[in-house]
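Dear colleague,

Please find below the structure that I am handing over to you. My notes on it follow directly after.

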Amino acid sequence: MGQHGEPGREHARLRRWVYLLLFLSLGGWGQPCAAGWLSDSWSRFDRYLATFDPAGRFVRQPIEKRIPALTFKGFYRQWSDILLTGNQQIGFRDKDFRFLQLQHLLEIEMHYQFSPHVELTNVNHFLYDGAYNWQHAAGLYAPRRTETMRVYHNFDRIVRELYLSYRTHSFDVVLGKQQIAWGKMDGRFIDVINAMDVREGVQLEASDFEYRRLPAWMANLTYFFGANSLNFLWIPNFEQDRNPVFGSPWFSPRLPPADTVVRANEAILRGRANAAGDTILRRKRPSAGDWGDHEYGVRLDVSMEPLTWGLIYYYAWNKNPTNFVVGRAVEDGATRLLVRPRHTRLHHFGLTADYATAFSGVPLVGELPIVLRVEGLWTKDVRFADFARIQAARSGDLNGGHVTRDTLRAAIAVEFAFPGNTAVILQPSLLYTFHWRETLGSGFGGAVGDEWNLIPVFFIERPFRFTRDRLRVSFTATPFLSGPTRDWQGVKTKLIASYNFSQFITGRIIYTAYSSGDRTDIYGQYDKWDNVGWEVSYEF
Amino acid sequence: MKKALAIVGSLWLACSSLVGWAAENSARVKTWKTVEELTEAEKRDIDLRTETPRDPQCPYLPAEPYPFQPPYTAEEMGYCSMEFPHISRWSHIMADAYGSLTSGGYLNQGITIGLNYYMPGSGMRGYLEHTAPGQEYYRLVFYYTYPPENWGAQELWVLYRTDQQATTKLDYFTYFPSLRRVRRQPQPRRGERFPNSVQSFDDIVGRDAWEFSWRIVGADVLYETVRFPTTRPSITLTDAGGHLREVPATQLKMMGDTYPFYTADGGVPCYVVEARTRQDWLPHYPASKLLYWLDRHYFYPLRIEQYDQAGRLRVVEVRIAKQENPALEDRGYAALITLYYDLSLDLMSYSVHDAHTVKEWSETDRKTLFGPDFMRRGWLMYPLKTHSLVRTPEEFYLRPLLYPDKFPRERTIEVAADVAARIQAQEAAGHLVFGAVGTTLTGP
């Protein structure tokens with residue numbers, strides 16, 4: 001049910017643009033094979049780009065010459081995603097926009113070395129997303145709720161990292177605002193230390209975690225003994241996840257109320273009320289001034305080549321608050337709940353391991369090197385909203401509206417190195433909620449909308465010889481199996497072609513599709529969110 | 001008609017180009033000899049047998065203990081040349097400036113600081129006598145400082161001696177600042193070139209002589225290996241003390257300044273030996289054979305040619321070496337500049353091992369620096385500098401000479417017409433010439 005009268009024509013026009021873009025982007029691949037003017041011009045272009053590094057030449061080098069102890073670097077990245085479907089109402093959303101993002105990100109990274117052992121690091125991000133300004137869309141109004149969706153405008157977001165490190169052979173002390181990535185695998189299993197800006201929702205990829213993690217102020221101490229290490233974290237500064245909000249491109253279409261209602265209702269927009277009319281009180285968050293509210297983590301890594309393994313424990317807060325029902329009122333015959341979002345304590349226990357070997361005499365390929373990775377996180381005391389209990393509270397049996405469960409998320413990955421620099425990864429992941437029941441909502445680490453989810457990811461990537469490996473293409477399929485109630489929640493497929501224009505400039509074209517599954521399923525709800533993106537990155 | 005003319009034209013161009021690169025070395029008299037052409041005096045130090053007594057414990061090794069005494073079989077020369085892989089067989093640090101260039105001028109370069117810990121003492125002897133198959137013998141840490149995209153990326157290579165049972169050659173870990181985690185990677189396929197490079201894993205870590213069958217092909221005198229273009233008259237090199245010096249390209253000798261066996265006209269006498277891939281050791285290996293030009297005295301490989309499964313020359317590797325570890329005397333030579341050329345892709349890669357410093361690692365260093373976890377710290381403990389990158393595509397090294405006239409019975413060389421034309425243009429200009437065949441070839 002499109003809002004505009006000619007979705008077919010619009011679709012065709014869009015396809016033409018996509019084809020043109022593909023042609024322009026990929027047209028140069030045949031350079032070594034093609035003869036004539038085009039090849040010669042491309043050669044000139046290549047040689048020009050080989051030394052094209054204006055920011056390096058006019059900014060980085062002069063700064064580093066003036067301050068020899070300083071390392072200065074950065075990048076500018078423009079990345080855009082455009083929907084392949086026309087404007088239409090999907091669930092509760094006015095999907096009347098085409099650009100999911102038009103993001104411009106400038107990163108400036110500096111390292112000042114006071115001595116061989118002491119260094120100060122600072123990473124700054126300047127981000128602007130034109131999606132909210134450069135297209136007319138009633139469905140995109142998220143900056144009314146939070147301006148950071150459009151532009152990073154405050155210290156918290158601009159100064160991403162600022163820390164002082166002191167290193168000796170056997171000891172590291174890193175103090176300040178930083179991000180930590182625990183784990184060895186793609187995806188988030190024991191990578192749970194920092195909160196995440198999940199503005200892209202289901203489209204957030206592991207390759208973007210670096211820019212989407214939300215660094216926190218902490219003390220990070222590591223003791224190295226032999227090839228092993230013991231890492232302690234003390235995190236007084238709590239950061240919560242930032243999820244898609246009303247009026248942002250990836251806000252779930254299955255969540256009420258409709259955009260027309262939200263736009264007109266400041267309380268819902270601001271998160272002070274929900275669709276049922278309940279009052280949402282101010283979120284209670286852990287305090288940096290209270291030692292009892294701090295987070296603590298410990299990680300042991302052991303290297304016993306060809307096996308390496310590690311264990312973690314993290315005494316943390318849930319990065320997403322749980323809604324606690326704290327009161328009930330009847331107004332005009334309708335029952336309204338009083339809800340207080342609160343972060344709750346979690347105990348994370350994790351393990352990670354990897355092992356490598358090479359098989360010889362494998363038919364067709366001869367030698368076949370492989371790597372096996374395993375990772376798991378068991379989380380205790382996760383609060384799940386329980387709709388039966390919420391209903392009971394609404395009916396007068398006042399209770400918190402939630403239950404406590406343990407969850408497990410784990411994965412095993414096998415990576416193969418096939419001929420032609422072809423990498424293949426098979427990575428089945430499991431999300432599981434212990435003692436699950438149908439009335440449960442979602443909770444950290446647990447299955448989405450079910451007792452268990454099984455996500456067998458398949459990934460293949462290879463460079464192309466005729467482009468002298470400047471072109472790489474990868475394909476990822478992420479099917480989402482589920483049980484015992486939903487069975488199948490759709491599949492996400494991603495095709496990426498990346499091309500090195502020079503050692504400073506890289507371009508990527510990304511096609512992402514969400515197929516099958518029901519309108520309430522994790523991928524099924526985004527059935528009309530298939531998109532093509534492009535990304536241009538210049539590093540200096 | 002037009003098509004026929006085009007074909008004739010292309011053939012003419014190809015023929016004239018082939019004549020051009022065939023004549024590339026015609027200025028010199030014949031420098032090479034087959035085995036049959038060697039004099040008795042020249043044969044005095046070589047043993048032409050291909051079947052020799054075997055070591056009773058380890059049958060794939062010769063019975064004669066290493067280091068061997070003359071006369072040398074081809075196999076023994078192969079073992080001696082194992083002293084000199086791309087990365088030296090002793091503990092050291094260095095700044096490795098490397099890069100690749102396509103025929104169109106796409107230049108991709110990098111710098112990595114290498115911290116290298118060779119475990120079984122220095123040289124081959126420790127490898128042969130103190131390293132059992134399946135046991136590790138070398139730990140290499142690479143810290144990338146250029147280009148900006150790779151700044152802070154690191155790799156750890158843990159190398160193992162292999163045999164037919166223990167086939168894992170490498171434990172391979174990477175760290176990327178953008179991932180902030182150490183990741184174990186599958187070991188690279190040994191004979192397969194790295195993306196956007198001519199170099200393969202085996203080119204870097206060296207090949208074990210027992211995986212090949214050896215035969216002496218003849219002798220030769222080399223006068224040039226790595227060649228500089230006229231557009232780059234000098235190179236900036238860094239010594240072990242960190243001092244920079246501008247070295248004129250003409251002053252760079254193939255075996256360095258201290259090598260005592262140059263001929264009067266500056267050549268290096270070499271044996272030419274063939275290493276044919278043993279299918280029982282390396283099935284599906286991309287190279288069917290390699291030809292080595294080994295200097296006659298230390299068996300340093302100044303030129304290595306790799307042939308594909310169809311027997312055609314695929315890759316040429318040439319080196320400029322330097323005495324970097326005087327304590328090891330004749331075994332202390334290391335690659336200073338190495339150039340690789342893939343004929344089928346018309347792709348070149350180079351590597352300059354700059355600021356080479358012999359290093360005796362302390363016990364603490366050994367324990368901490370060379371483990372996967374160390375990479376997470378992002379600590380560049382030895383910030384060595386190198387200024388040996390190529391500034392522009394036009395200043396890249398010349399394609400190595402192909403010597404189509406040498407050992408024609410042993411060497412099958414097929415060069416595409418457009419590549420032959422570029423080689424001819426390069427030889428005429430004294431620098432690389434870019435652009436398409438049939439259009440105006442452009443250069444600096």
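What span should the 13 residues of helix α3 of chain A have at 1.5 Å a residue, and how far apart are its end C-alpha atoms? Helix α3, residues 54–66 of chain A, should span 18 Å, and its end C-alpha atoms lie 18 Å apart, which agrees. Please note that this is a predicted model. Within α3(A) there is a kink of about 30° at Arg60(A), shortly before the proline Pro62(A).

Gly533(A) lies in strand β25, which covers residues 531–539 of chain A. Is Gly533(A) buried or partly exposed? Gly533(A) has 19 C-beta neighbours inside 10 Å and therefore counts as partly exposed, since a residue is buried if 20 or more other C-beta atoms lie within that distance. Apart from its neighbours within four places in sequence, Gly533(A) is in contact with Trp79(A), Ser80(A), Asp81(A) and Ile510(A). Between Gly533(A) and Thr493(A) there are 13 Å in space, C-alpha to C-alpha, and the two are 40 residues apart in sequence.

I turn now to chain B. Chain B contains seven helices and 16 strands. Its radius of gyration is 22 Å, close to the 22 Å that the globule rule gives for 444 residues, so chain B is as compact as a globular protein of that length. Along the principal axes, the C-alpha atoms of chain B fill a box of roughly 70 × 55 × 40 Å. Of the 444 residues in chain B, 51% are buried. Among contacts in chain B between residues at least 6 apart in sequence, 64% join residues at least 24 apart.

Chain B is divided into two parts: domain 1 is made of 1–30 and 421–444, and domain 2 of 33–413. The centres of domain 1 and domain 2 of chain B, taken over C-alpha atoms, are separated by 31 Å.

Finally, there is the contact between the chains. How many residues does each chain bring to the contact? Chain A gives 58 residues and chain B gives 52 residues. On the side of chain B that touches chain A, β3 (107–118), β7 (181–185) and α6 (363–369) each supply at least two residues. The largest share of that side, four residues, comes from β7(B). By class, the side of chain B that touches chain A has 21 polar, 19 nonpolar and 12 charged residues.

With kind regards

Notes:
Residues are numbered from 1 along each chain as its sequence is written. Chains are lettered from A and ligands numbered from 1 in the order in which they are written. This is a predicted model: local features need pLDDT of at least 70, side-chain atom pairs count only at pLDDT 80 or more; totals for chains, interfaces and linings use all residues. Two residues are in contact if their C-beta atoms, placed from the backbone, lie within 7 Å. Ala, Val, Leu, Ile, Met, Phe, Trp, Tyr, Cys and Pro count as nonpolar, Asp, Glu, Lys and Arg as charged, and the others, Gly among them, as polar. Domain bounds come from an automatic or database domain assignment. The expected span of a helix is 1.5 Å times one less than its number of residues. The bend at a residue is the angle between axes fitted to the seven residues ending there and the seven starting there. The radius of gyration is taken over C-alpha atoms; the globule rule is 2.2 Å times the number of residues to the power 0.38. A residue is buried if 20 or more other C-beta atoms lie within 10 Å of its own, exposed if 12 or fewer, and partly exposed in between; C-beta atoms are placed from the backbone.
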